[in-house]
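Dear colleague,

I am passing on the structure we spoke about, and my notes on it follow below. Please read them with the model open beside you.

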Amino acid sequence: MAKYKRVYILAGHYGSGKTNVAVNLALKIKQDGYNVKIADLDIVNPYFRTKDSLKELTEADIQLISPAFANTNVDLPALPQEAYSLVQQKDFYAVLDVGGDDRGAYALGRYAPYIKEENNYEMCFVFNCYRPLTRTAEEALEVMKEIEFACKIPFTAIINNSNIGNDTDAEIILSSQKETERLSKLTGLPVIYTTIREDIDVSLDNKLTLKLQEKYFDIKES
């Protein structure tokens, strides 16, 4: 299990695309031959987009843990008890899709003691410099601070998911590198992935990339 951290936590501003990244990361871990589960921890927004990918996750033999009323109009969903298995059992990888901003991150706080005690996690800030409130490294840093304060876990890495939805091309991705590197220098955190839709041909020197299945690469206004 040395290739990956045992727990991956994905958090970011609303509309950053963290759910799409979380699904694709879980699929990548599974494709590499490891057992993995994914959880949607967003109890602020009753429309849980991770569950939109239930069919694909099920076909890949990836268990999805989400509130019972995900994708319904119930306003006060609650996380199921089985969510604790993600941090208490250590014989599989876990990908946690955290709700947007600090309000969504509060749900993660209840698992923080277990995650920090195990100390085998990556707390990833999903950065999209084409979103209105995270266009600059400084704006993104403010969002990061709010999330860290809410969930009590510091970020350890950055994932550059900068895109403009289906209009994204190689130039859009390459143009995002400068601001992403600024955020990396500002925070002292490494950029562990730059996401690239699988049909886009772009070369990034010395950068790790996460190929996204095209159907997941859709950023909706929120």
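How far apart are the end C-alpha atoms of α6, and what should its 15 residues span? The end C-alpha atoms of α6 are 21 Å apart, which agrees with the 21 Å that its 15 residues should span at 1.5 Å a residue, the expected span being 1.5 Å times one less than the number of residues. Helices here are DSSP runs of H or I with at least four residues and strands are runs of E with at least two, both numbered from the N terminus.

Before going further, please note that this is a predicted model, in which local features need pLDDT of at least 70 and side-chain atom pairs count only at pLDDT 80 or more, while totals for chains, interfaces and linings use all residues. Residues are numbered from 1 along each chain as its sequence is written, and side-chain values use heavy atoms, with hydrogens and water left out.

The sheet

The model holds an open sheet of eight strands in the order β3-β2-β4-β1-β5-β6-β7-β8, with parallel pairing, where two strands pair if DSSP finds at least two bridges between them. β3 (63–65) and β8 (209–212) stand at the edges with a single partner strand each, so one side of each has no neighbour in the sheet. Neighbouring strands are turned by 25 degrees against each other on average, direction ignored. At one end of that order, β7 (residues 191–197) and β8 pair in the parallel sense over four bridges, and R197 stands opposite L212 in β8.

α6 lies across β1 and β5 and runs at about 140 degrees to β5; axes are lines fitted to C-alpha atoms, for helices over the stretch in contact, with angles from 0 to 180 degrees between N-to-C directions. Among the buried residues of α6 are L141, M144 and I147, buried meaning under 20% relative accessible area, exposed over 50% and partly exposed in between, with a 1.4 Å probe and protein chains only. Just after α6, K152 takes a positive phi of about 70 degrees.

Helix α8 (residues 177–187) lies across β5, β6 (157–160) and β7, at about 170 degrees to β6. Its buried residues, Q177, E179, T180, L183 and S184, pack against β5, α6, β6, α7 (170–175) and β7. Just after α8, G188 takes a positive phi of about 75 degrees.

Aromatic pairs

A search of the whole structure finds eight aromatic pairs, counted when the ring centres of Phe, Tyr or Trp (its six-membered ring) lie within 6.5 Å, with planes under 30 degrees apart called stacked, over 60 edge-to-face and the rest tilted. The rings of Y4 and Y8 have centres 6.3 Å apart and planes at 80 degrees, so the pair is edge-to-face; both residues are buried. The rings of Y84 and Y114, with centres 6.1 Å apart and planes at 80 degrees, are therefore also edge-to-face. Because Y84 lies in the loop between β3 and α3 and Y114 in helix α5, this pair ties together parts that are 30 residues apart in sequence. Finally, ring pairs link Y4, Y8, Y34 and Y93 into a cluster.

Definitions and conventions. Contact = heavy atoms within 4.5 Å.
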